[in-house]
Amino acid sequence: MRLSILCVLLSGLILPTDAFSPQSSGGSISCTGTLQRQQRRPRTPIPLYSQQTTTAIDQDEAYTKAFQIIDRCAASGVSSDELYNSVRYIDKNAFKLYADEGAKQQLWNRCHGSWKLQLATGPPKPREDPTFKSVPIFAYAMIDEQHFGNGVGFNRDNIILSLLGDHYFNAKRRQMGIGISDMFLFSNKITQFVPTFMADGMGLGRTQEELGKRMPAFTMIGASTKSMIARGGSGGIAIWTRLEKDIRPAAYGMEKVNGD
């Protein structure tokens, strides 16, 4: 019963979408926990944003001011009167800020890391501006070169329940589709013990092809060195603050980090 409650809570942090369009794919995780990387097309590596020459983002003073507010609210976990308009500015000007695939890839690079969920809105309501509310539990997200993971815990060193799977980033849409391959309880894999009805409801173990447009996804709105903003399929917006410490050892065990 307790596991079921935790699973429902965790799955609620992943917002489904009906508009995911796959473009790129990563590796897969077998039921034994061994990482199996699929063959990828070679691509020219794109340096991180901090290493780039002048971009539209660098030249946009309003963007800089907006992210200063977002970074501050993300770090504190407390909203402000200016937060919604700051997020809205970046969201509404995304076409200009991320004008080409290179800029979108730079955004995606900034999204990599370990994050603590701090603020979120519910689904948008007609004629009403969304309100960012503090998230009362420790919930995290993790993005690396191949995987997306999220979970809940007591703190960054004591993670209770975690999910892990491949991500599929569509640069054109700035959209990250995610699969769920494994579940962990206190960093120990319990995938094989998850009840069938629960696994089916979460899409646990289903491939990108099996999930199709039902694959959960986030649209990446913006990211800095300190915070990240994304929209889920229901239209709700979440803001994370970057964790200095890699969450993967606490969530998945060192073998997942080292690929053993």
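Visitor: How many residues lie between strand 9 and strand 10 in their hairpin, and which residue in the turn has a positive phi?

Guide: This is a predicted model. Two residues lie between strand 9 and strand 10, and Phe 186 in the turn has a positive phi of about 50°. The two strands pair in the antiparallel sense over two bridges. One of the bridge pairs sets Leu 185 against Asn 188 in strand 10.

Visitor: Over how many bridges does strand 9 pair with strand 7, and in what sense?

Guide: Strand 7, residues 158–170, and strand 9, residues 182–185, are joined by four bridges in the antiparallel sense. Within this pairing, Ser 162 stands opposite Phe 184 of strand 9.

Visitor: Turning to charges, how many salt bridges are there?

Guide: Side chains of opposite charge can pair when their charged atoms come close. The count here is five salt bridges. One of them links Asp 60 and Lys 96, with the closest N and O atoms 3.3 Å apart. Asp 60 lies in the loop between helix 2 (56–59) and helix 3 (61–76), and Lys 96 lies in helix 5, so the pair ties together parts that are 36 residues apart in sequence.

Visitor: Is Asp 60 buried or exposed?

Guide: Buried means under 20% relative accessible area. Asp 60 is at 8%, so it counts as buried.

Visitor: Which parts does the pair of Arg 231 and Asp 91 tie together?

Guide: The side chains of Arg 231 and Asp 91 meet in a salt bridge at 2.3 Å, N to O. Arg 231 is in strand 12 (residues 227–232) and Asp 91 is in helix 4 (residues 83–92), so the pair ties together parts that are 140 residues apart in sequence. Arg 231 is partly exposed at 23%, and Asp 91 is partly exposed at 21%.

Visitor: Which residues are linked in a network of salt bridges?

Guide: Asp 144, Asp 246 and Arg 248 are linked in this way. Between Arg 248 and Asp 246, the closest N and O atoms are 2.8 Å apart. Arg 248 has a relative accessible area of 21% and is partly exposed; Asp 246, at 31%, is also partly exposed.

Visitor: How many disulfides does a search of the whole structure find?

Guide: The test is a pair of cysteine sulfur atoms within 2.5 Å. The search finds zero disulfides. As for individual cysteines, Cys 73 is buried at 3% relative accessibility, and Cys 111 is buried with a relative accessible area of 0%.

Notes:
Residues numbered from 1 in each chain as written. Predicted model: local features only at pLDDT ≥ 70, side-chain atom pairs only at ≥ 80, totals over all residues. Heavy atoms only, no water. Buried < 20%, exposed > 50% of the residue type's maximum accessible area, 1.4 Å probe, protein only. Pairing = 2+ DSSP bridges. Salt bridge = Lys/Arg side-chain N within 4 Å of Asp/Glu carboxyl O.
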